[in-house]
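Today I am opening the notebook on a protein with a ligand in it.

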Amino acid sequence: MSSKISLTRYLVEQQRQEGHIPSQLRLLLEVVARSCKSISHAVNKGALGGVLGTAETENIQGEIQKKLDIISNEVLIEANEWGGHLAAMASEEMEGIYLVPNRYPQGEYLLLFDPLDGSSNIDVNVSIGTIFSVLKKPEGQPGVTEEDFLQAGVKQVAAGYCIYGPQTTLVLTVGDGVAMFTLDREQGSFVLTQENLQIPPDTKEFAINMSNMRHWAPPIKRYVDECLAGKEGPRGKDFNMRWIASMVADVHRILTRGGIFMYPWDKREPDKPGKLRLLYEANPMGWIVEQAGGAITNGKDRVLDIQPSKLHERVSVILGSKNEVERVTRYHAEAG
Ligand code: P6P
C-alpha cells in the first residue's frame, strides 16, 4: 500500500534533507495549512453557514468586503499570532501591518496574505483561494515596521496558495520546486499528490479579461490578436481562452497544464501599473511559477526583482509558460 505522505512529513523531510526549512518556518507553514483547512470548511458551508454576501464594509483597496473575506482574514490572524514564529503580518484586507501582540512571543518571520482571492466568485460557487508569502524579518533593529515588508520577491523563504474548488489543494514552494497537497477530508490532513511540478514552456491557452481590450497597451493587443488569428495567423496554431476571474484558479490551471495569464497595465487607471498586488499576489504566485519552470514579468522586468515602495503596491502581471511570457516581453521591447 503506497504510504500517504502528509504535509508534516514532507516538511520534516525537506528540513532533514535540504536544510531549506528551519523548524520555526515548518511550524509556520503547518499553521497556515491548518488555517486554510478552516477557511475551506467555511467556504464549503456557503449559504448553510450564513457566510455568503457582503459585509457592507470596504477594504483598503476600496472594495466592498464579502463576509468570507473578513472571516478568512480573522482565521489567519488568530491562528498565527500566538505561535511564536511571526513578528508581524500584512493582508490585502488590512490597511497597515498587524504586529504580534506583546502577550505572545515574537518570531523571525513576516507573513503576507490575500486571505480570499477571487471574492467576486464566492456567491456564484466558483473556485477561490488563499495566497500567502513568507519573508524573514530584517536583522538588527528591534520591533517591526511596514518598511520591513518592502522586500523584493526574490527574498521570499516560502510561498503558496490553497485553492477551494472541487478539491481543496495546497500548493507550496520553499525554493526546492513546487509540491501539491490535496485535503483528505476523512483524515483532515493535506496529502502529497504531486511534486516537482513543471509548466510546459509552450501553450495554446491564454487567460486575460477580454472586456478590457480597448484599454490595453499595443504589445498586449498584438499578442492577443495573434492568438485570435489562430493557425491562419503568424502563430500558425489555434489558441483557447480561459478567464476565471480568480487568479488562484487561473494559476492552478497553468501549473497543471501550461498557459499564460495576463493582467496588464491599462489606460483606465494610467497612473497605476496594474490591478494585482505585488507583495501578496504577484510575488508568491510568481515564485511558484518560476520554481515550476515558468516565468513572470510586468511586461518588461522580472516581477520578483521589483523593489516594493509601499505595502499595497500594484503591478502588471504576465506569467506562465516561459516561451509565451518571453514573447510578450519581446513585444514590449520592440514597442520601445
Ligand atoms: P477582473 C480577483 O479580484 C483578482 O484580484 C484576481 O484574483 C483575478 O485574476 C482578477 O482580480 C480578476 O479581475 O477585472 O477580471 O474582475
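I began with Y263, where a polar side-chain atom lies 2.6 Å from an oxygen atom of the ligand. I count a polar contact as a pair of N or O atoms within 3.5 Å; within protein, one must be able to donate a hydrogen and the other to accept it, and residues adjacent in sequence count only if both atoms are side-chain atoms. I then found N209, with a polar side-chain atom 2.8 Å from a ligand oxygen atom. For E281 I noted 3.5 Å between a polar side-chain atom and an oxygen atom of the ligand.

Next I checked cover: the protein hides 83% of the 400 Å² of accessible area that the ligand has on its own (Shrake-Rupley method, 1.4 Å probe).

A note on the source: this is a predicted model, where local features need pLDDT of at least 70, side-chain atom pairs count only at pLDDT 80 or more, and totals for chains, interfaces and linings use all residues. Residues are numbered from 1 along each chain as its sequence is written, and side-chain values use heavy atoms, with hydrogens and water left out.

Last, I looked up the C-alpha trace of the chain, which spans about 65 × 50 × 45 Å along its principal axes.
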